[in-house]
Amino acid sequence: MSGYSEQSPDEPSPTRRVLPREGRGRRRRPLRIVLGVLVLLLLAWAVAVAVAGVQAGRSLQKVADAAPVLERQVRDKDFAGAQERAEGVKDDAAAADRATGQLPYRLAEHLPWLGAQLAAVRGGAHAAALLTEPLPDALGSAEAVVGDGLVSADQTVNVAAIAELTPIVTDYQARVAAARTALAEGDSAAVLGVIADRLEPVSRQLDDVAGPLDTAAEVLPQLPSLLGADGARTFLVAFTNPAEIRPVQGIVGAYAYLTVDHGKISLTRTGTDAELYDARADVSAVGTEFAALYGQDAAIIQNVTAGGSADEAGVLTSSLFTDGGLPTPDVVVFVDPVGLGQLLGPDHAALGLGPFGDVATADIAKTLMYDAYVTYGADNDARKAFLAATSAAAFEAVLSDGLSTTALDGARTAIDSGHLAVWSSRAQEQDALVAAGVAGVLGDPASAGPVARIGLTNTEPSKLDFWLQPAVEVSAPCAKVGSATSSVQLTLTNTVPETIPAYVANATARSAIGKRTAQDTVSFWVAPWVGLDRVTVDGQVVGTAVDGEEGWRLVRLTVDVPPGAPVVVRWELSGAADALPRTVTGPSTATAPTLTTGSCTP
């Protein structure tokens with residue numbers, strides 16, 4: 001057949017090349033090698049990630065186990081043991097950070113689901129390393145400052161050590177911010193609960209500490225000059241008496257001068273208000289608004305604490321003492337008998353107070369604000385001398401204790417309850433005191449939050465405010481947003497006994513019941529964007545004076561508080577739900593006010 005060529009079935013086709021089996025194997029071998037290498041790499045990667053995870057987990061567990069022990073050592077002032085343990089904590093945290101910072105681990109964070117777990121652990125490890133790296137050195141500086149108490153046995157503060165703390169606190173401020181960011185990187189809904197439950201409390205604690213660290217970074221640089229690092233400073237301790245109450249504690253009844261020179265504290269002079277009856281403060285020094293509200297009455301010793309803020313009281317007190325021929329103070333400390341008791345703490349040894357014997361700290365307020373009147377009767381000079389000597393002795397007891405942890409905790413309680421406040425004549429120091437929350441000022445209503453404040457001013461000469469027992473009830477809106485109404489209610493109960501010294505009684509009253517009746521102006525500060533609908537006393541609508549003070553709306557009225565018959569003052573408010581008061585501070589009475597939450601208002 002034409003065009004046809006016969007081909008043997010055993011001969012290969014000219015158009016199809018068949019490779020021998022050996023050739024096909026050689027082609028596949030590189031592929032298998034590559035796949036094998038990839039598998040080995042993946043296994044190595046997985047092992048590296050697993051090993052890193054195990055290492056990090058073990059190291060972080062060591063950090064977690066050591067933390068409460070370290071905290072206890074610091075509280076017990078075992079700084080040598082704490083520093084040794086801190087070195088170990090630092091090393092363990094650094095090991096965890098190194099383990100989770102390796103390339104295989106970081107790459108694995110891009111894997112679905114698993115990556116979220118790894119990122120969360122890495123965030124925790126990095127946060128731990130950031131916070132523990134400077135810890136040993138920080139504990140060394142802390143020991144120098146507070147190892148023997150903030151004030152040493154010879155009444156000296158280690159100013160140089162405080163200066164050393166400043167860069168440490170500034171560094172921690174930045175580290176806490178970085179640690180919060182590191183923890184946030186692992187904050188994902190995909191993170192397992194077992195991991196999230198370990199990290200969430202740390203994140204919350206860092207959130208809580210960030211604000212105080214910011215404050216410390218602002219305050220610490222001012223402390224050396226405040227403590228006389230640049231030359232001796234003059235402190236005036238004004239001992240106030242809330243038995244004759246004012247918005248800033250009470251009338252100034254005694255005083256003590258302290259000199260602070262390079263941290264060394266010396267008591268240089270004590271005295272009473274009797275030396276200052278003829279002196280006058282310059283009311284214009286605190287501004288026209290204050291002068292319009294309180295007038296020239298604020299120029300006398302009994303009324304320098306009549307305004308809403310202790311900074312104004314500090315300016316007036318400094319001016320008045322200068323006018324009285326006494327040294328002009330650089331710093332004024334306002335403290336009352338309640339505050340002294342809080343500073344010393346309930347476990348402090350009893351104080352020997354002359355005719356009253358050994359007095360427990362819990363009884364200091366009663367001794368100074370009532371027992372002294374009973375004992376000294378009409379001998380006013382003797383009572384004032386006792387008050388001056390006792391107040392100074394109690395304050396010296398606070399210093400001689402080294403301003404221990406108990407005293408510092410007590411100071412915070414006294415400040416928060418209005419029984420201790422500090423003012424400085426230097427603007428930067430005053431700003432730091434305000435930032436630290438120890439200045440006793442009204443502050444800015446825009447940043448204060450949904451809060452109101454109550455103050456009392458004795459308006460008839462008596463010491464009856466010692467027996468006032470205030471109770472405050474806040475009925476906040478049920479809703480969080482929108483327009484709403486609310487109320488704040490103050491109940492004043494006068495628990496004065498049947499028989500009282502003549503000097504304590506209402507000096508202008510004629511009747512027996514009148515002599516035991518307190519008369520007080522009630523001041524109520526609330527944000528100006530909160531509407532005031534009405535004010536009632538015992539259910540009856542009353543008129544009030546409405547003014548402004550330091551950006552706040554100030555509402556004032558005067559009430560008589562007879563013995564045994566509670567007087568109820570109620571402010572009914574309206575406005576945006578999130579602006580209406582949900583808490584109230586004050587008044588700074590001898591008996592602490594109770595604060596309760598009433599039924600929410602629709």
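Predicted model: local features only at pLDDT ≥ 70, side-chain atom pairs only at ≥ 80, totals over all residues.
I started with strand E1, residues 233-245, and found it mostly covered, with 12 of its 13 residues buried (buried means under 20% relative accessible area, exposed over 50%, partly exposed in between, using a 1.4 Å probe and protein chains only). Strands here are DSSP runs of E with at least two residues, helices are runs of H or I with at least four, and both are numbered from the N terminus.

Residues are numbered from 1 along each chain as its sequence is written, and side-chain values use heavy atoms, with hydrogens and water left out.

**Neighbours of E1**

Next I looked up the partners of E1 (two strands pair if DSSP finds at least two bridges between them). Strand E2, residues 250-261, runs antiparallel to E1 and is joined to it by 10 bridges. I found Phe235 opposite Leu258 in E2. The two strands make a hairpin with 4 residues between them, and Gln249 in the turn has a positive phi of about 70°.

Strand E4, residues 331-335, runs parallel to E1, with 5 bridges joining them. There, Val237 has Val333 as its bridge partner.

**An open sheet**

I then traced an open sheet of 5 strands, in the order E14-E15-E11-E8-E17, with mixed pairing. Its edge strands are E14 (545-549) and E17 (583-585), each pairing on one side only. Within the sheet, E8 (residues 451-458) and E11 (residues 518-526) pair in the antiparallel sense over 6 bridges. I spotted Gly455 opposite Ser523 in E11.

**One serine**

Is Ser475 buried or exposed? Ser475 counts as buried because its relative accessibility is 7%. I placed Ser475 in strand E9, residues 468-475. Leaving out residues up to four places away in sequence, Ser475 touches Ser486, Ser487, Gly598, Ser599 and Thr601 (contact means heavy atoms within 4.5 Å).

**Two helices**

Last, I checked helix H6 (residues 159-185) and helix H7 (residues 193-219): their axes come within 9 Å and cross at roughly 150° (axes are lines fitted to C-alpha atoms, for helices over the stretch in contact, and angles run from 0 to 180 degrees between N-to-C directions). That makes H6 roughly antiparallel to H7 (angles over 145 degrees count as roughly antiparallel, under 35 as roughly parallel, 65 to 115 as roughly perpendicular and the rest as oblique). Among the residues making the contact are Val169 and Tyr172 of H6 and Leu199 and Val202 of H7.
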